[in-house]
Amino acid sequence: MNKNNLFHDIHEECGIFGIFGHPEAANLTYLGLYALQHRGQEGAGICSSDGVKLYLEKSLGLVAEIFNEKVLRNLPGHIAIGHNRYSTTGSSTIENVQPLMATYSLGSIAIAHNGNLVDIDGLKSRLEKDGAIFQTTSDSEIILHLIARAKDGQVHERIANAVRQVRGAFSLLLMNEKELIAIRDPFGIRPLSLGQLKDAYVLASETCAFDLIGATYIRDIEPGEMLIIDENGARSIKIFNSVKKAHCVFEFIYFARPDSYIFDHTCVNTIRKELGRQLAREHPIDADIVIPVPDSGVPAALGYAEQSGIPFEFGLIRNHYVGRTFIEPKQSIRHFGVKIKLNPVREVLKGKKVIVIDDSIVRGTTSKKIVKMIRELGGAKEVHMRISSPPTVGPCFYGIDTPTRQELIASSHKIEEIRKYITADSLGYLSLEGLKKIIPNSDLYCMACFNCKYPIEFEHKKITQMELFS
Ligand code: AMP
């Protein structure tokens with residue numbers, strides 16, 4: 001199978017938010033999406049309902065650029081769902097921005113999806129043969145078609161049957177004129193939390209969205225659960241048999257905001273700091289200062305500094321008005337991007353032995369530029385790179401936008417080779433054992449990006465494994 005097809009349009013790490021029972025549902029969804037902006041900067045949308053009809057506004061761009069008072073006025077009602085879409089190569093089109101909405105025999109329905117489905121090709125061609133016309137290249141649309149094409153059953157049954165036919169990672173918010181429905185895949189790969197704001201129910205990928213609107217975090221949507229919220233309250237149905245959970249560990253490493261609590265009330269900041277402490281225990285080195293690669297390396301650098309007793313400093317300053325460099329599509333732009341984003345503080349770095357902490361190395365491009373910047377522009381004497389996660393060796397098929405295996409530098413290079421490539425004086429990664437020690441109930445996590453053990457069987461995985469052992 002063509003590798004480009006394999007990875008085309010399937011990278012979707014996103015943020016979702018939903019609310020039921022509030023007269024300002026769309027305004028609060030706008031705020032929720034604003035707090036979840038880090039989970040996707042390509043486009044955003046909100047769908048609302050006044051109990052009679054669905055209203056949809058979506059566009060490419062950042063949340064604050066898309067929604068203003070005028071746009072929000074087009075979204076009346078007490079129910080809303082919203083979605084932030086992550087930038088991907090080749091699919092930055094408005095059609096793919098969610099929520100996706102459709103009208104079918106039982107009325108209207110809208111969906112917001114975080115995660116990736118796997119093995120969709122067969123399902124998609126079966127639906128197409130059956131007459132389905134796809135409006136997007138997003139895997140989430142498959143679920144809508146499966147719901148609409150169900151021969152019989154009421155809406156909840158149809159939804160449950162539809163999601164039972166797909167596999168992969170899905171934290172979903174669906175709504176119709178009268179209900180808000182939350183579903184999480186049986187592995188609980190992506191986060192999805194339930195909160196309360198007075199009489200309203202709220203749902204969000206991360207609890208930082210609850211904080212902004214003053215909602216209280218109640219619990220996570222359980223893996224395999226479908227929660228239906230309507231004017232009579234909320235009721236929960238278990239729609240999948242229990243399987244061993246496989247939460248995404250990379251949410252802790254990089255993706256989620258440090259002020260969020262995810263995966264059963266676990267504080268992201270605390271985990272990141274502990275990873276930094278563990279890194280210091282595993283890879284100590286004599287140095288003058290510890291500096292983070294902002295922002296993702298900050299909590300781990302604090303942990304490393306506390307554990308080692310070496311002072312923490314801000315040696316790199318980030319321009320906060322630039323998107324994450326990783327998501328820029330072309331190699332040339334990505335190279336340029338590091339300079340746009342980060343600048344060294346010479347007074348801090350000059351003549352110093354510096355420990356630099358980042359959360360991960362993917363292709364190696366960022367680290368290489370950073371080491372060069374700290375040494376050449378910052379004037380550092382020594383640059384020691386420390387990474388608060390194990391080497392990234394496996395691509396993610398469940399929604400983290402990691403590149404193909406060939407592009408992952410650690411999949412084909414030894415640590416000493418990577419050190420040479422990034423031109424650091426030394427390089428140390430956190431061990432897999434160290435990571436497992438820090439993550440509570442670590443056996444309930446997917447760590448495929450670090451150990452190539454994929455919890456969900458699928459065709460692409462076989463290809464990855466063939467590549468791995470070839
Ligand atoms: P690279 O230059 O490809 O090695 O990218 C490494 C940098 O990208 C690190 O600073 C990470 O914090 C960041 N990073 C890691 N994973 C992701 C991701 N899925 N999306 C965006 N940035 C990422």
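The structure is a predicted model. An unreviewed UniProt entry annotates Cys-248, Cys-396, Cys-446 and Cys-449 as "binding site". These residues span 202 residues in sequence, yet no two of their C-alpha atoms are more than 10.0 Å apart, so they gather at one spot. Cys-248, Cys-396, Cys-446 and Cys-449 also belong to the lining of the largest cavity.

**Cys-248**
- Cys-248 sits in strand S16, residues 247-248.
- Its relative accessible area is 6%, so Cys-248 is buried.
- Beyond its neighbours within four places in sequence, Cys-248 is in contact with Ile-189, Arg-190, Phe-263, Ile-400, Tyr-445 and Cys-446.

**Cys-396**
- The loop between strand S23 (382-387) and helix H15 (409-412) holds Cys-396.
- Cys-396 counts as buried, at 10% relative accessibility.
- With neighbours within four places in sequence left aside, Cys-396 is in contact with Arg-190 and Thr-402; Arg-190 is also among the contacts of Cys-248.

**Strand S10**
- S10 (residues 180-184) is largely enclosed by the rest of the structure, because five of its five residues are buried.
- Leu-180, Ala-182 and Arg-184 point one way from S10, while Ile-181 and Ile-183 point the other way.

**Pairing of S10**
- S10 pairs with strand S9 (residues 171-175) in the antiparallel sense over five bridges, and a hairpin of four residues joins S9 to S10.
- S10 also pairs with strand S14 (residues 225-230), in the antiparallel sense over four bridges.
- Ala-182 in S10 stands opposite Leu-173, and its bridge partner in S14 is Leu-227.

Definitions and conventions:
Residues numbered from 1 in each chain as written. Predicted model: local features only at pLDDT ≥ 70, side-chain atom pairs only at ≥ 80, totals over all residues. Heavy atoms only, no water. UniProt positions renumbered as here; feature names shortened; annotations may be inferred. 1 Å grid on protein atoms, 1.4 Å probe; cavity = no way out; pocket = protein on both sides within 12 Å on 5 of 7 lines; lining within 4 Å. Helix = DSSP H or I, 4+ residues; strand = E, 2+ residues; numbered from the N terminus. Buried < 20%, exposed > 50% of the residue type's maximum accessible area, 1.4 Å probe, protein only. Contact = heavy atoms within 4.5 Å. Pairing = 2+ DSSP bridges.
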